Amino acid sequence: MGLLVMQACDTVASGYHNNMSWMERRLGPISLLDDSGEPHRLDSLWETRPAVLLFVRHFG
Amino acid sequence: MIIGNGSAAFAQTFREDLDVPGTILIDPDLLSYRAAGLRRGRAEILSPRLFTNAARALQSGYRQNSVEGDPWQLGGIFVMRPGGDLLYQYRSREAGDHPDPANILAALENPEPVAEESLPDPPAVQRLAGWALGAAVDPTILFSFDRTGFLLRSLAFSPADLAVDLQSRHCVITGANSGIGLETAMGLADLGARVSLLCRNPERAAAAKAEIEEATGSRRVETVQVDMSDLDSVERAADLLAADPVDMLIHNAGVLADRLEKTAQDLELAFATHIAGPHLLTRRLETKLCDSSDGRVLWVSSGGMYTTRLDNERLLSPAEPYDGVMAYAQTKRAQVILAELWAERLQGKATVHSMHPGWADTPAVRSSLPLFYRIMGPLLRSPAEGADTLLWLAASEAGRKSSGKFYLDRIERRTHLLPLTRETAQDRHRLWEICEDVLPGRDSM
């Protein structure tokens with residue numbers, strides 16, 4: 001019974017997860033510091049608006 | 001926002017020099033670069049167009065200052081929208097390779113999700129080097145099973161093999177609260193699978209569940225308490241799993257005892273944990289695995305099995321004085337054969353493989369083989385490296401192109417290095433009989 005309840009909760013909770021793109025699952029949970037030392041979880045960057053992620057080779 | 005491969009100090013200087021607004025993030029460990037599948041390599045940086053691209057940059061007024069970070073890492077551009085859809089992607093193929101900004105603006109103005117292209121394969125030269133160097137260290141055993149072998153062979157790995165979506169799949173894995181089991185469960189969850197962690201210790205299982213959820217964002221991780229050496233416990237776990245489809249069963253739980261121990265059913269501990277318990281669980285989940293469109297059963301064996309020949313009677317009655325290492329090797333040899341027998345039984349219905357993870361730095365190795373760990377420490381694979389082939393067999397299309405094989409580092413391997421370790425057909429038949437005989441009345445199939 002416990003597994004059935006868990007599965008029902010998972011089905012509700014996983015609706016968002018199931019619609020995630022592969023890139024969202026790969027990048028989203030990663031947390032990086034900004035140049036002031038503040039942490040940012042990557043999926044927070046596109047939570048409310050589109051985000052352009054520009055990966056540079058190096059600074060300089 | 002900009003993500004860079006360096007320190008905060010360099011990022012601040014970068015911001016001041018170029019008057020960059022907005023968010024600048026630093027990733028000196030290249031976690032996000034690897035997650036995004038961005039290319040890295042000397043051949044990509046030192047390409048023939050390096051000088052023409054540099055000249056073009058100079059002409060546009062750019063001047064190279066001192067740099068920091070991995071010089072061989074390439075960049076790229078991704079556009080993500082709320083909800084996690086990918087609107088645009090570009091992965092640089094060489095230094096100075098940049099997309100047309102008009103394409104990025106177009107993606108923002110007409111936001112339709114793009115099909116996510118598969119991750120780039122390494123260059124042919126790199127793959128060839130991986131195969132050749134990996135084959136060269138094979139005979140050494142030491143540099144094959146240790147981290148050296150993995151690093152060399154991984155040169156040939158195709159990232160696209162694990163660019164898969166496992167959201168429709170339920171994976172059951174034993175011994176999943178630490179080491180290779182935990183890393184495999186982590187990888188499966190990261191690929192979207194529903195994962196059931198079968199563990200003996202509920203506190204450690206809960207901790208593993210939390211760790212996987214934190215690392216992957218998954219909310220589809222469950223725990224089931226089971227002692228794989230206790231057939232009654234295995235039966236109860238099978239009952240709990242009975243309500244749901246099961247697509248994948250991974251037998252990872254292991255033990256290396258230093259003295260003779262008997263289980264509740266009076267079976268030797270290594271035999272019960274590595275053979276009897278997994279055989280029973282596979283029997284109980286057999287119908288579900290066959291009903292799956294892509295059912296897989298995987299057994300985590302050990303390179304130690306190469307040292308021994310199957311001795312069926314010793315599985316039930318180990319020689320005295322008890323030798324835990326020998327019992328371990330014996331049961332690991334038996335696992336490989338049992339996996340082959342299961343592959344024959346499930347032919348055409350489900351895929352079955354066994355593998356060995358190489359010599360990995362896991363809590364089990366540290367506690368069970370302390371001298372080995374002290375000697376080999378720096379050369380041991382990380383748990384993630386040890387789990388790589390298991391995850392690949394579980395998730396990739398390549399993993400189901402055949403059945404009944406034995407793998408190390410994503411390559412099919414011989415199961416015998418010495419002629420004297422070969423078993424007879426009678427030995428194999430007897431092993432199956434033993435596995436069935438210790439389950440009286442537990443399976444009516």
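Let me begin with a definition: a residue is buried if 20 or more other C-beta atoms lie within 10 Å of its own, exposed if 12 or fewer, and partly exposed in between, with C-beta atoms placed from the backbone. This is a predicted model, in which local features need pLDDT of at least 70 and side-chain atom pairs count only at pLDDT 80 or more, while totals for chains, interfaces and linings use all residues. Residues are numbered from 1 along each chain as its sequence is written, and chains are lettered from A and ligands numbered from 1 in the order in which they are written.

Helices (H or I, at least four residues) and strands (E, at least two) are DSSP runs, numbered from the N terminus. Chain A has 2 helices and 3 strands, in the order α-α-β-β-β from the N terminus. Of its 60 residues, 32% count as buried.

I turn now to strand β3 of chain B, residues 76-80. How many of its residues are buried? The count is 5 of 5. On one side lie B:Gly76, B:Phe78 and B:Met80, on the other B:Ile77 and B:Val79, and all are buried, so that both faces are covered.

Next, the pairing, which requires that DSSP find at least two bridges between two strands. β3(B) pairs in the antiparallel sense with strand β3 of chain A, residues 51-55, over 5 bridges; here A:Leu54 stands opposite B:Ile77. β3(B) also pairs with β4(B), residues 86-91, in the antiparallel sense over 5 bridges, and B:Tyr88 is the bridge partner of B:Val79. These two strands of chain B form a hairpin with 5 residues between them, and B:Gly83 in the turn has a positive phi of about 105 degrees.
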